[in-house]
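Take a moment to look over the sequence and turn the model around. Then let us walk through it together, one region at a time.

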There are 2 protein chains.
Amino acid sequence: MKLTSKGRYAVTAMIDIALNQNNGPITLSLISERQGISLSYLEQLFAKLKKADLVSSARGPGGGYRLSRSADEISISQIIHAVDEIIDAQKCGGKVNCQAGEKCLSHELWRDLSALMDSFLKGISLQSLLDKEHGSAKEMKEIKFG
Amino acid sequence: MKLTSKGRYAVTAMIDIALNQNNGPITLSLISERQGISLSYLEQLFAKLKKADLVSSARGPGGGYRLSRSADEISISQIIHAVDEIIDAQKCGGKVNCQAGEKCLSHELWRDLSALMDSFLKGISLQSLLDKEHGSAKEMKEIKFG
DNA sequence: CAATACTTGAGTAATTTACATGGTTATTGT
DNA sequence: ACAATAACCATGTAAATTACTCAAGTATTG
């Protein structure tokens, strides 16, 4: 779980598409203008978003990107994970015996927290963000430690 | 709201202290050895953690750091915020009129998400992490959009 | 007074971020 | 067929951030 401005750019772009895709596919040029993100950077991001099957593309005039699924089937977690690489929680492997040590305990606890945060973001869909009406309490009831 | 490996280091270090501070203050050298973080980097992080009043320090032999409050009064949110600077959600100010535009709408939605995420991490205390028994459902009931 | 350990600061290699540039391929309308 | 469009692809890079080294200073203990 990692959360940087890169993830913000991705989520922002996905929001832009979700809001405008009624009239057909959205070009990256349009998103670039509207959101103030460089075209080149958007290309990088959308290569990953496509690889993660969150958007589909159409070439040529009238082409662009659209969501590959309905907005309530796309979670914020998926978007973040598509573009932001994961924080390596264990560099334990190596000389140090890190099976029962203090080190691994802390790492384990961090991994728990990371999983918890991910579950949280899995419960928030792109659509619910747009609607501003995702009752988080309802969705959160399922989240527990493994 | 920002979340990088820097935040992970901070949380890990705080966990280390919480687990060991019974016998008195914990030195950064110890944390450095146990967690595999460089002393110099820990010094940077703990300067901020102290500034945020999450730890208190004692100099000289037998000195070190301890939590400035009980572990269940320190939230993960506080730790993260102490070391990780906030993502600038609005670069809208400038030439573009960004009061009602698409741009500001996306930014507003991101800010909502950010706030939601923060509320979530506010509900998780250092202690509950250690206990692995923070029923998130109970805590989450309060979280709603503004 | 010597050892400890926090405090402070300057400097730096490595990585990541965000962008620029210059192409190529596929699709559309004329 | 032929432009125009827009996704795709690759390389390069300035700026920022990360995580660290090194070197001093200051407060506390025994």
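By class, the surface near DNA strand D is made up of nine nonpolar, twelve polar and five charged residues. As for the classes, Ala, Val, Leu, Ile, Met, Phe, Trp, Tyr, Cys and Pro count as nonpolar, Asp, Glu, Lys and Arg as charged, and the others, Gly among them, as polar.

Before going further, please keep in mind that this is a predicted model: local features need pLDDT of at least 70 and side-chain atom pairs count only at pLDDT 80 or more, while totals for chains, interfaces and linings use all residues. Residues are numbered from 1 along each chain as its sequence is written, chains are lettered from A and ligands numbered from 1 in the order in which they are written, and side-chain values use heavy atoms, with hydrogens and water left out.

Some individual atom pairs can be picked out. A polar side-chain atom of A:Lys50 lies 2.5 Å from a phosphate oxygen of DNA strand D. Helices (H or I, at least four residues) and strands (E, at least two) are DSSP runs, numbered from the N terminus.

Now for chain A as a whole. Chain A has seven helices and two strands, and from the N terminus on its elements run α-α-α-β-β-α-α-α-α. Of its 146 residues, 49% count as buried; buried means under 20% relative accessible area, exposed over 50% and partly exposed in between (1.4 Å probe, protein chains only).

Next, find B:Ser106 in helix α5 (residues 102–122) of chain B. B:Ser106 is buried, with a relative accessible area of 0%. Leaving aside its neighbours within four places in sequence, B:Ser106 is in contact (heavy atoms within 4.5 Å) with A:Thr12, A:Ile15 and A:Gln35.

Finally, look at the aromatic rings. A pair of aromatic rings is described by the distance of the centres and the angle of the planes. Rings of Phe, Tyr and Trp (its six-membered ring) pair if their centres lie within 6.5 Å; planes under 30 degrees apart count as stacked, over 60 as edge-to-face and the rest as tilted. The count by this rule is five aromatic pairs over all chains. In one of them, the rings of B:Tyr9 and B:Tyr41 have centres 5.7 Å apart and planes at 85 degrees, so the pair is edge-to-face. B:Tyr9 sits in helix α1 of chain B and B:Tyr41 in helix α3 of chain B, 32 residues apart. B:Tyr9 is buried at 18% relative accessible area, whereas B:Tyr41 is partly exposed at 24%.

Notes. A polar contact is a pair of N or O atoms within 3.5 Å; within protein, one must be able to donate a hydrogen and the other to accept it, and residues adjacent in sequence count only if both atoms are side-chain atoms.
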